[in-house]
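Please examine the sequence and the three-dimensional structure shown below before reading the report.

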Amino acid sequence: MKKIAFFDTKPYDQKFFDEVNQRHGFHITYYPSRLDENTAVFAQGADVVCAFVNDVISAGVIEKLKSSGVKLIALRCAGYNNVDLKAAYGSIPVVRVPAYSPHAVAEHAIALMMALNRKTHRAYDRVRDGNFSINGLLGFDMYEKKAGVIGLGKIGKCLVSILKGFGMEVMVYDKIRDEAFAKENNIRYVDLDTLYAQSDIISLNCPLTPETNHMINAGSIAKMRKGVMIINTGRGKLIDTKALIDGLKAGQVGSAGLDVYEEESEYFFEDFSAAVISDDVLARLLTFPNVIVTSHQAFFTHEALINIATTTLKNVEEFFKDGYLENEICYRCEKECRKAKKMRCF
Ligand code: NAI
């Protein structure tokens, strides 16, 4: 029976994986700890390591996994910026779940937008305190406003269709164009400067890469419309948070909805309600009435968790059948391998 060492386990992970694993029969050992150089030792004797967004899969960790006999790293997430693919290349294949529910993430982005716009987070507190005043809760019609979507992938496309449903004008920026989708949905591709200058709401839906790291910074914020709303469900490091805070303080940024935060691995997914938050940047963010931070929960729907468990265990099964690994990612070049439909490139 193949053994899986499962890191950063939460009760909901175990529930869904146990359910889906009834069809596979892998031996899964669940560890609450995150995977890092200190905890990699738990993988001793396992065939597969299953990891999530905040596990650190560095060269050092990969070296330890290799010497522990681990043959496969199965990410149960889409993003893989936390994996040193170069270090894994040639020795341990890395698989992921490329799409578990783009709808879940797009719908959460909308939830953040609507809450910030109509200030439902504040209204909720007010009425519970017997305050039925609506002063200060003024919103705006989404209809005919301009949205700028950065990254028109699976999530970006779901988001566009919802935004179009509001009757918004949508512009997008992506390195790769899908002209057919743009035509069909009546959206226009623009360059980043145009998107910054014209959007009332900007949503970040691209991956974190060296190119997108801190793409929202003091310079790009200065190019935006005064009072712009920024929504980030992508990755925390897409935004230079200190620059965002300066923008919020100056009123240049009107509001921000953040499901991800650049230093989130310290705090997100854990309960710190009885502790002191020592991250002053995060603490400052939490003081703004026009900022909503959620703890990387955009993916967190019933459907997405079933899909995550199903695809992850299917990836593992494929590996041991020694077949074509549909969801492998590799250092050599995603595009090259995908084009060749030959992900087992080493
Ligand atoms: P995808 O791979 O389908 O789409 C990403 C799009 O971004 C592609 O169209 C790609 O061409 C584009 N892109 C790449 N580099 C770019 C750049 N420099 N500038 C503009 N666009 C660029 O990915 P998907 O599924 O839509 O997910 C997007 C991101 O959302 C993921 O990389 C991940 O970081 C994040 N995510 C967040 C979740 C959450 O719970 N908050 C859950 C799932 C994904």
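**Basis of the report**

The model is predicted, so local features need pLDDT of at least 70 and side-chain atom pairs count only at pLDDT 80 or more, while totals for chains, interfaces and linings use all residues. Residues are numbered from 1 along each chain as its sequence is written, and side-chain values use heavy atoms, with hydrogens and water left out.

Rolling a probe the size of a water molecule over the atoms shows where empty space is left. On a 1 Å grid over the protein atoms alone, a cavity is a set of points where a 1.4 Å probe fits but cannot get out. A pocket is an open set with protein on both sides within 12 Å along at least five of seven lines, and lining residues have an atom within 4 Å of a point. A volume is the space filled by probe spheres set on the points, which are joined across faces, edges and corners.

In the whole structure, three cavities of 30 Å³ or more are found. The largest cavity has a volume of about 110 Å³. Its lining includes D8, K10, Y12, D13, F16 and F17, and F269, F299, L305 and I308 also belong to the lining of the largest cavity. Helices are DSSP runs of H or I with at least four residues, and strands are runs of E with at least two, numbered from the N terminus. Helix α1 (11–21) supplies the largest share of this lining, four residues. Both α1 and α12 (302–320) contribute at least two residues each.

For the class of a residue, Ala, Val, Leu, Ile, Met, Phe, Trp, Tyr, Cys and Pro count as nonpolar, Asp, Glu, Lys and Arg as charged, and the others, Gly among them, as polar. By class, the lining of the largest cavity has eight nonpolar, no polar and four charged residues.

The second largest pocket has a volume of about 330 Å³. Of the 18 residues that line this pocket, V53, N54, N81, K237 and E262 lie nearest its centre. Its lining has five nonpolar, seven polar and six charged residues.

**Salt bridges**

A salt bridge is a side-chain nitrogen of Lys or Arg within 4 Å of a carboxyl oxygen of Asp or Glu. By this rule there are 16 salt bridges. Three of them are listed here.

| Pair | Closest N to O distance |
|---|---|
| K66 and E63 | 3.4 Å |
| E318 and K314 | 3.6 Å |

K66 and E63 both lie in helix α2, three residues apart, about one turn of the helix. E318 and K314 are both in helix α12, four residues apart, again about one turn of the helix.

E318 is buried because its relative accessible area is 16%, whereas K314 is partly exposed because its value is 37%. Salt bridges that share partners also join D8, K10, R34 and E270 into one network. E37 is partly exposed, at 39% relative accessibility, and K64 is partly exposed at 36%.

**Backbone angles**

Most residues other than glycine have a negative phi. D8, although not a glycine, has a positive phi of about 55°. D8 lies in the loop between β1 (3–6) and α1, and it is buried because its relative accessible area is 3%. H296 is not a glycine either, and its phi is positive, about 50°. This residue is found in the loop between β12 and α12, and H296 counts as buried because its relative accessibility is 7%.

**A nonpolar surface patch**

Patches are made of residues with over 30% relative accessible area and no salt bridge; like charges are joined within 9 Å, and nonpolar side chains (Val, Leu, Ile, Met, Phe, Trp, Tyr) within 5 Å. Accessible areas come from the Shrake-Rupley method with a 1.4 Å probe, and for residues only the protein chains shown count as cover. F272, I277 and L286 make a nonpolar surface patch of about 230 Å². L286 is placed in the loop between α11 (280–285) and β12 (291–293). L286 counts as partly exposed because its relative accessibility is 47%.

Terms used:
Buried means under 20% relative accessible area, exposed over 50%, partly exposed in between (1.4 Å probe, protein chains only).
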